[in-house]
Amino acid sequence: MSYGCVLFYAYVEVADAGALRAEQERLCVVLGLRGRVRVAREGVNGTLSGVPTALDAYQALTAAQLQRLAARGGDARELLQIANIDWKRESALADGVLQEHAF
């Protein structure tokens, strides 16, 4: 099985960091991801390891989740920033495949 890593950050106002943290933890458990997601009132920062399909699902679900948070705040600039999250996909090997979780 091959694994990859995703790194990201998003500046978005998080009114209930505890609730978002719990949602992110559940999502990572369901998708079998390992690593760390930091949630603060100012935004979210994450570095995760998992199979590529799980990372793809995580990116899509988290982007949608952060879009909803930004929409609640009503800031058009925030919505644009969230829509353009600069996700970084990394691996430790030249062929782009990890043989085990990075974390």
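User: Buried means under 20% relative accessible area, and exposed means over 50%, so are F8 and Y58 buried or exposed here?

Analyst: Keeping in mind that this is a predicted model, both F8 and Y58 are buried. For F8 the relative accessibility is 4%, and because that is under the 20% cut-off, F8 counts as buried.

User: And what kind of aromatic pair do F8 and Y58 form?

Analyst: The structure holds three aromatic pairs. One of them joins F8 and Y58, whose rings are 6.0 Å apart from centre to centre with 55° between their planes, and this pair is tilted.

User: Which parts of the chain does that pair tie together?

Analyst: F8 belongs to strand 1, which covers residues 4–11, while Y58 belongs to helix 2, so the pair links parts of the chain that lie 50 residues apart in sequence.

User: What about F8 and W87, how far apart are their ring centres?

Analyst: The ring centres of F8 and W87 are 4.5 Å apart and their planes stand at 35°, so this pair is tilted. Taken together, F8, Y58 and W87 form one aromatic cluster.

User: Is W87 buried or exposed?

Analyst: W87 has a relative accessible area of 18%, and because this is under 20%, W87 is buried.

User: Ok, stepping back, what pattern does the chain follow?

Analyst: The chain has three helices and four strands, and when it is read along the sequence the pattern is β-α-β-β-α-α-β. Of its 103 residues, 35% count as buried. Looking at contacts with a separation of 6 or more, 70% of them are between residues 24 or more positions apart.

User: Which strands pair with strand 1?

Analyst: Strand 1 pairs with strand 3 in the antiparallel sense, over eight bridges, and one example is C5, whose bridge partner in strand 3 is S49. Strand 1 is also joined to strand 4 by three bridges, and these two strands run antiparallel. On that side, the bridge partner of L7 in strand 4 is K88.

User: How many residues does the largest nonpolar core have?

Analyst: That core has 20 residues, and those with the most contacts inside it are V14, L20, L33, Y58 and L66. Strand 1, helix 1 (17–31), strand 3 (43–50) and helix 2 are the elements that give two or more residues to this core, and helix 2 gives the most, with five residues. As general background, nonpolar side chains in soluble globular proteins tend to be buried together.

User: What does I85 touch?

Analyst: If residues up to four places away in sequence are not counted, I85 touches F8, Y9, A10, A63 and L66. I85 lies in the loop between helix 3 and strand 4, and its C-alpha atom is separated by 7.3 Å from that of Y9, although the two residues are 76 residues apart along the chain. With a relative accessibility of 11%, which is under the 20% cut-off, I85 counts as buried.

User: Changing topic, how many salt bridges does the structure hold?

Analyst: The structure holds one salt bridge, in which the side chains of R89 and D56 meet at 2.9 Å, taken from N to O. R89 is in strand 4 and D56 is in helix 2, so this pair ties together parts that are 33 residues apart in sequence.

User: Why do R89 and D56 count as partly exposed?

Analyst: The relative accessible area of R89 is 37% and the relative accessibility of D56 is 42%.

User: Last one, what is Q59 in contact with?

Analyst: Leaving aside neighbours within four places in sequence, Q59 is in contact with V6, W87 and R89, and W87 also belongs to the aromatic cluster with F8 and Y58. Q59 is found in helix 2, which covers residues 52–73, and because its relative accessibility is 15%, under the 20% limit, Q59 counts as buried.

Technical notes. Residues are numbered from 1 along each chain as its sequence is written. This is a predicted model: local features need pLDDT of at least 70, side-chain atom pairs count only at pLDDT 80 or more; totals for chains, interfaces and linings use all residues. Side-chain values use heavy atoms; hydrogens and water are left out. Buried means under 20% relative accessible area, exposed over 50%, partly exposed in between (1.4 Å probe, protein chains only). Contact means heavy atoms within 4.5 Å. Rings of Phe, Tyr and Trp (its six-membered ring) pair if their centres lie within 6.5 Å; planes under 30 degrees apart count as stacked, over 60 as edge-to-face and the rest as tilted. A nonpolar core is a set of buried Ala, Val, Leu, Ile, Met, Phe, Trp, Tyr and Cys residues joined through side-chain atoms within 4.5 Å. Two strands pair if DSSP finds at least two bridges between them. A salt bridge is a side-chain nitrogen of Lys or Arg within 4 Å of a carboxyl oxygen of Asp or Glu.
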